[in-house]
Amino acid sequence: MPYVSAELYEVISLAMRYVFAFFGVLIVLRAFRLMLADRRANRSRLRKLPDAGTVGELMVLRGSSELPENTCLPVGREGVLGSVRGCDLFVPCPGVRRSHLDFIWEDGRGLLLLPRRGCGAAVNGAVLDSRSDPRQFPLCHGGILAVGDAVLRLHVFTGLQTAPQGTDNPMPESVFFPEAGDVCQAAFPPAAAQPVPQVQHPAQGSPWVSPQEMPVPPEQLPSPSSPGIPEAYAPASSGRVRRSDRWKEDWSE
Amino acid sequence: MSRKRAAPKRGLSGLVALFFFLGFGLLALKRGTLESAVPALALPAVILLASWLLPLLFPLDRLLLSLVSFLSGLGILVLYITDPSLALHQMAACGVGLAAMLCSASFVRLHSRRSGWAMILGVLGLTLLCLPVLFGKEMYGARNWLDIGALSFQPSEIVKPVLVFCLAAWMSERRILPCLLFSALCLLLLMLQKDLGTALLYFAVALLIWWMASGSLSVLAAGLLGGGAAAVWGYHHFAHVRRRVEIWIDPWKDYQNAGYQLVQSLVAIASGGLFGVGLGLGAPDSIPIHTSDFIFSAVCEQFGLIFGACVLSVYALLIWRSASVARAARYRFHGLLAMGSALFLGLQAFLIIGGVLKLIPLTGVTLPFVSYGGTSMVSSFCLLGLIQGVESLNREALDGDAHLAMLGT
Amino acid sequence: MKRQRYRIKLIAMLLILCFLGLAAWGAWSVSHYGNRWFSHAGNVRLNALKKEVTEGDILDRNGILLAHTNENGVRVFRESAADRSSLVHILGDRQRQIANTVESLQAGYLYGYQSSLPDAVYRLIRKTGRCGNNVSLTIDADLCTEAAAAFMRHEKTGGRSGAAVVMNYRTGEILAMISLPSFDPDNVSEEIIGALDQPYWNRALQAQVPPGSTFKMVTAAAMLSRGSAGAADPFVCSGSLEVSDTFTVHDFSGVSHGTLMLSQAFTRSCNVFFASQALKLGSDAMQAAAEDFGFNRNFLFRDLVVSNSAYPRGAQSPAALAASGYGQSAITLSPMHLCLMTGAVANDGIMMEPRVVRSVRSASGAGVLSWSAASLMTVCEPSVARQLQLLMKDAVQGGGSGAAAAVTTLDIRGKTGTSESTDHGSKVNYGWFTGYNAQTDLPVAVTVLVENIPDGETGGTTAARIVKDIFTYIRNHPDRVQ
């Protein structure tokens, strides 16, 4: 390597200053553009896959004035259920606290529910509170979840595995409504031994509801595209069959 | 419409490689020996290889890899100006760091359903932190180095990924007690080692992970107040904290003794001006500790303020990218993991650059990826590996969803 | 999960904002302080450079060579001792004992540290040795000599310490700056090094002296801008005003002025009037007016390092407030600041940044830096400034206390001041005069401070004569200062 004189090196180095500064700015700008391009690509991908990240839906069997029946709430892999608008599952019903329970999806098992302290929920009649082991009571495809006044049924998208129990039981044996009020408590043990579905509803001091108020059989339930569903939960009008419509095949008899 | 198409992903690593080819080539001209031309060809080749080859073997984020290779290469370049042997050590450390990054990324992928490991790692981390208190070697006023045979390393650096992992795991399950215990013990051990800068970092990251997971403003406020109170207590209690604050307020008073480091750093940055004095010119070795703590002043002197701002932007881009990875994560644990690592890297960079520019008092932490230091490099790459692991899980989940969507139609 | 995502975004944005703030802070501090940091004595680069680079020349605004490095590497100043001693505080001495001079603050340019690419190429091709850039100052060297001679000429001021600042108030150029006692940088003897009156100290920039009656321009500005009733009402001065049990305001030599308006009070410099006006305005209004004029402000000029001026903050006791009205309480300022204030009033309320460097040219003749006027701040409304200008006109031309400064064919306006302070237990009197020429073709402001004047003398009898000499010189040589 020929040895370069100090003055010549100085000239070269002084000239290269601008080149290096230019490179620095170029690298930053290129990285910035790449990041924006990635973001755009992700957004367009999410638009094509509106259900990305969700494992299924919770259909409202019984809600409240703000949560009409047959609303479908998309269920992600992990989140919070509560009555505040920022929750992943927004259930504005009496009896549901601001942050009521955490839920997390476990492959091969189902949706695990972890109620917060002082809150409770019922999975297919079995009562959970903050101390119980969530893995014993997973919510599976077709399972019924009762929180506060609300009753919800989980539909899991095809391709996702849940635990064997519960998938071949489309009709819940018993549904359990905990008492209304701020603290959710189970008033009665699971009614597994009773053959007749007992539907209890708190009304005017009496913890029980009249037996006429039974869950509607699925054939008579309006389809998701009926006008009764609020806009936000209506399926995308792309014409593409949503994955969740597959549940109709499960239910139809 | 073609203008909006994304630039090819390799564009960035190519730019970085070209930049280092020019930089090392210029330095080779200065030294005038044949062996000094070797890094000019070797380093860009390594960078290109790493950015092309590694993502084929392992799902990695190319953008993060390119940005980090830019930072590490910059460190090697600045070290090469003054001492080529240090540059060689740094390159070796980078290699070890890359391996560590792959290890931690694999760890995240394999153990994505957490919990079991958190307790084991937590105990391991605490023991590692205990060791310097018992057998430690004192350096720069803090007793946080450990000598094992020929190697010396800093446990407080190695425990950083452990802290992020454990806190993310426990907080995502809302198990507050192990979190609190672990953080408190870590802080206590660091205070005993008198490594106050790292203690500040640990405290800030732990508090922010807590807040991100729980969202309780009261805890955040209590934490900030407690931190402020601890800082005031530390100011009154420790003499060297007082000295550092005095130097920060007016380093010119005693510019030959106490304020020497800060004064030389400021003088170097002012000498650089906008475009720097030129690579290889100037006097970067007149800055004390220009290899680790004050390497940013050396960069500003050689390359100028514009380039220094670019280095700052690279750290900001790193944080932004990690934040989008954390937001796209499917599970809270992953999100906290990615963001916690990003916070460690970003806050550390902010602390040291702020200290060097006299915005805040000097805290004795190093610039991640750029500063000389094997342990610091390995731990920074480990943290990056955690982010890469979460990103690879995100990609897999997205692919899985696309697959599921096809099943449904 | 949604909320966690939101929090992650929040923290990321905050952290990125912090980084932006860091970059902005770095840019701001280097642009304002960078020159001073670089010129610091601890700069190794500069010391290494000085060994191999020939320092550039320093020239005054008319091209006179003030400092030059000859073939033997010796720095040569002007030929006569009087010239050299009048410029030493501006240029610097050989032992670098005087702080913040042109040789130290502009060392980067003088040694060509930031050498540009064309220069390096020029050097490479021409194979010349390295030499620095040539710095042209705004200073008129002969005016400096004249100012120093004016001090010695009058028996009342000869031999006393003091300072003088001459500036162009429309552009901010400093035309002359002297500080006495001074010395010849070529003949530094042991006596000078240890002298008690500190010849190394640049009094024009660093002296912190009570302004005395010159502060009345600030009180008057406060009155006029806040619409205080006293501006238009007559006031009866009985020669003294009892403010509190321990403090009584007296006029100079106990003169009682009788009934007067603001203009007469200003012209005759009545302490009682201004003390009572200050009491009426209150501490907050006075402090606000003082801070508008630049008190309590951190001066960060590019070419000069000026000590900050102080006005007492917060609520003052009635005695202190009354004394502030006529500039005698704990108020301190430097001659440079007073000149800037006078220039601001003359410039219809806009204070310009003082500049010393006019241009920097490289050895090959290429321009490296050229000066441009920059305004610093607005001290008062233009209407208030014009009223102050009329008050100052009466003070000099209307038979006021500053009559000694009047020069024929020039429109000299200004204000006298006499103040006292205790220095190591003994009382010291200061004589001030600050004034300007109101003509548009010679917009020059002059401030003179004489320290330790005898009892019985005022600023009007001591400093005003020096100002007259300076203005006479400027009138006789107008092309030198334009």
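Is Phe369(B) buried or exposed? I found that Phe369(B) counts as buried, at 0% relative accessibility; buried means under 20% relative accessible area, exposed over 50% and partly exposed in between, with a 1.4 Å probe and protein chains only.

A note on the ground rules: this is a predicted model, in which local features need pLDDT of at least 70 and side-chain atom pairs count only at pLDDT 80 or more, while totals for chains, interfaces and linings use all residues. Residues are numbered from 1 along each chain as its sequence is written, chains are lettered from A and ligands numbered from 1 in the order in which they are written, and side-chain values use heavy atoms, with hydrogens and water left out.

I looked up where Phe369(B) sits: the loop between helix 14 (332-356) and helix 15 (374-408) of chain B. Helices (H or I, at least four residues) and strands (E, at least two) are DSSP runs, numbered from the N terminus. The phi of Phe369(B) is near 75°, a positive value in a residue other than glycine.

Next I followed Ser72(B), which touches Phe369(B) as well as Cys94(B), Met377(B) and Phe381(B), leaving out residues up to four places away in sequence; contact means heavy atoms within 4.5 Å. Ser72(B) belongs to helix 3 (residues 62-82) of chain B and is buried, with a relative accessible area of 5%. I also noted that the side chain of Ser72(B) reaches the backbone oxygen of Val68(B) at 2.6 Å.

Among contacts in chain B between residues at least 6 apart in sequence, 72% join residues at least 24 apart.

**Two helices of chain B**

How do I describe a packed pair? Two packed helices are described by the angle between their axes and the distance between the axes. For helix 9 (residues 217-237) and helix 10 (residues 239-249) of chain B, the axes come within 5 Å and cross at roughly 100°. Axes are lines fitted to C-alpha atoms, for helices over the stretch in contact, and angles run from 0 to 180 degrees between N-to-C directions. Helix 9 and helix 10 of chain B are therefore roughly perpendicular, the word for 65 to 115 degrees. I listed Gly234(B), Tyr235(B), His236(B) and His237(B) from helix 9 of chain B, meeting Ala239(B), Val241(B), Arg242(B) and Val245(B) from helix 10 of chain B.

**Strand 17 of chain C**

Which strands pair with strand 17 of chain C? Strand 5 (residues 162-168) of chain C runs antiparallel to strand 17, joined by seven bridges, and Gly162(C) has Val450(C) as its bridge partner. Strand 16 (residues 426-437) of chain C also pairs with strand 17 in the antiparallel sense, over seven bridges, with Tyr436(C) opposite Ala445(C). Two strands pair if DSSP finds at least two bridges between them. Strands 16 and 17 of chain C form a hairpin with six residues between them.

I found a cis peptide bond joining Leu180(C) and Pro181(C), with omega about 5°. Asn100(C) has a positive phi of about 55° although it is not a glycine, and is partly exposed at 31% relative accessible area.

Terms used: Parallel < 35°, antiparallel > 145°, perpendicular 65-115°, else oblique. Polar contact = N/O pair within 3.5 Å; in protein donor to acceptor, adjacent residues only side chain to side chain.
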